Amino acid sequence: MQTRASRWVREAIQSQDSYHVPDVADVIKLDAMENPWSFPPEIDAAWRESLAGIALNRYPDPVARDLHAPLRALMQVPDSASLLLGNGSDEIIQFILLSLAAPGRTVLAPSPSFVMYDVLAKACGMEYAAVPLGDDFSLDLPAMSRAIEEHEPAVIFLASPNNPTGNLFESAQVEEIIAIAPGLVVVDEAYQPFAGSSFMSRLDSCPNLVVMRTLSKVGLAGLRLGILAGHGEWLDEFNKLRLPYNINSLTQATAAFALQNWDVFQQQIDAICEERKRVLEALKAMPWITTWPSQTNFILFRSESQPADTVHARLLVDGILIKNLHRPGTALENCLRVTIGSPDENDTFLASLSRSA
Ligand SMILES: *Cc1c(COP(=O)(O)O)cnc(C)c1O
């Protein structure tokens, strides 16, 4: 029977699944690229103090003014570029798409890549063109060029390093795509802190480029703070669709505090990169596992013996949650993605995995 909801909710929404977050307590959580550590105790106390004066009865600063200078300094944003903040970079993707959406317009991205581009494009009524990545998950430039010519995309999303493959795209290829794109190119640098390389300095020379960052993967996933840098020509328009007060007072104060204490995060990032090397070596030593190099805080691997579903389920029995990316008949067949955790968590994961052969 047709319900009132099914009569009125748009078909593009009804045909989607809701974003699935597994509901599991007391597991070692290595599924969502979270940093395993929070503030050390002495810093934690100072953070709590920094929140004491916040007037929760008042609306937050609408543009989070205090965050702009430290974010610009940390991310080396060129003076010519503007900044726009989002409630996570997911919200930034949403307001970019809302401002570009029109019937028949296309969003283009390589595949596999970050799922929210696809989900939000369709929610905004846009077409989504997914261009398969080439060998070793590098960009297939001829295929991208053909797709750009065919679809004339309003926007191209390039996550570099890419999720879920973990690799950084070649700069020259990204530059080529920016050069031939008829519309906007969003370089999504959610994992830049683990890779080093950035397109931020190209904002000066590329008027159709915007660069997106987030504090989520470096240790502040609970804050929900995403950052967009780019020319005012674009950002002033996106800003009209940004909901007023989208960055709450607690997030603004905590982010300001975190940026003043960035050395803590930098040490954690360095430790995660060290652990990444160790976990990758250990995975490579398992003959039934294929790995890919990573410039992120996670590693993509394939099980060549047991099905990925079995590996995933066995790890969960041992209290370890990773991400099962298995899609039959795709490049991600029997692939899984593990976030780099603390050394103890990684040891527990590796020990459990080695029993799954
Ligand atoms: C995690 C992730 C995001 C979303 O980050 P939030 O700021 O937490 O919304 C965006 N892009 C990529 C590629 C990601 O992996």
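A residue is called buried when its relative accessible area is under 20%, exposed when that area is over 50%, and partly exposed in between, with a 1.4 Å probe and the protein chains only. The structure is a predicted model, in which local features need pLDDT of at least 70 and side-chain atom pairs count only at pLDDT 80 or more, while totals for chains, interfaces and linings use all residues. Residues are numbered from 1 along each chain as its sequence is written, and side-chain values use heavy atoms, with hydrogens and water left out. Helices (H or I, at least four residues) and strands (E, at least two) are DSSP runs numbered from the N terminus.

Helix 3 spans residues 41-51, and its buried residues are Ile-43, Asp-44, Trp-47 and Leu-51. They lie on the same side of helix 3, because they cover an arc of only 105 degrees around the axis; the arc is that of the directions from the helix axis to the C-beta atoms. An α-helix has 3.6 residues a turn, so residues three or four places apart point the same way. Pro-41, Glu-42 and Glu-49 are exposed on the face of helix 3 turned away from the buried side. The buried residues of helix 3 pack against helix 11 and helix 12 (262-284), where contact means heavy atoms within 4.5 Å.

Leu-67, Leu-71 and Met-75 are its buried residues. Viewed down the axis of helix 4, these residues fall within an arc of 40 degrees, so they line one face of the helix. Arg-65, Asp-66, Ala-69 and Ala-73 are exposed on the other side of helix 4. The partners of the buried residues of helix 4 are strand 2 (82-86), strand 7 (209-214), strand 8 (226-230) and helix 11 (249-260). After helix 4 comes Gln-76, which has a positive phi, near 50 degrees.

The ligand is the next topic. Around the ligand are 13 residues, of which Asp-188, Tyr-191, Thr-214, Ser-216 and Lys-217 come nearest; a residue is near a molecule if one of its heavy atoms lies within 4 Å of it. The shell residues divide into four nonpolar, five polar and four charged. Helix 5 (89-100) and helix 9 (216-220) each supply at least two residues of this shell. A nitrogen atom of the ligand lies 2.6 Å from a polar side-chain atom of Asp-188. The protein covers 94% of the 380 Å² of accessible area that the ligand has on its own.

Thr-339 belongs to strand 13 (residues 335-339) and counts as buried because its relative accessibility is 1%. The side chain of Thr-339 reaches the backbone nitrogen of Met-33 at 2.9 Å. Beyond its neighbours within four places in sequence, Thr-339 is in contact with residues including Leu-30, Asp-31, Asn-297 and Phe-298. Ser-111 belongs to strand 3 (residues 106-111) and, at 31% relative accessibility, counts as partly exposed. Apart from its neighbours within four places in sequence, Ser-111 is in contact with Ala-130, Val-131, Pro-132 and Leu-133. The C-alpha atoms of Ser-111 and Gly-134 are 9.4 Å apart in space, and these residues are 23 residues apart in sequence.

Note on methods: Polar contact = N/O pair within 3.5 Å; in protein donor to acceptor, adjacent residues only side chain to side chain. Areas by Shrake-Rupley, 256 points an atom, 1.4 Å probe, with all protein chains shown as cover. Nonpolar A, V, L, I, M, F, W, Y, C, P; charged D, E, K, R; others polar.
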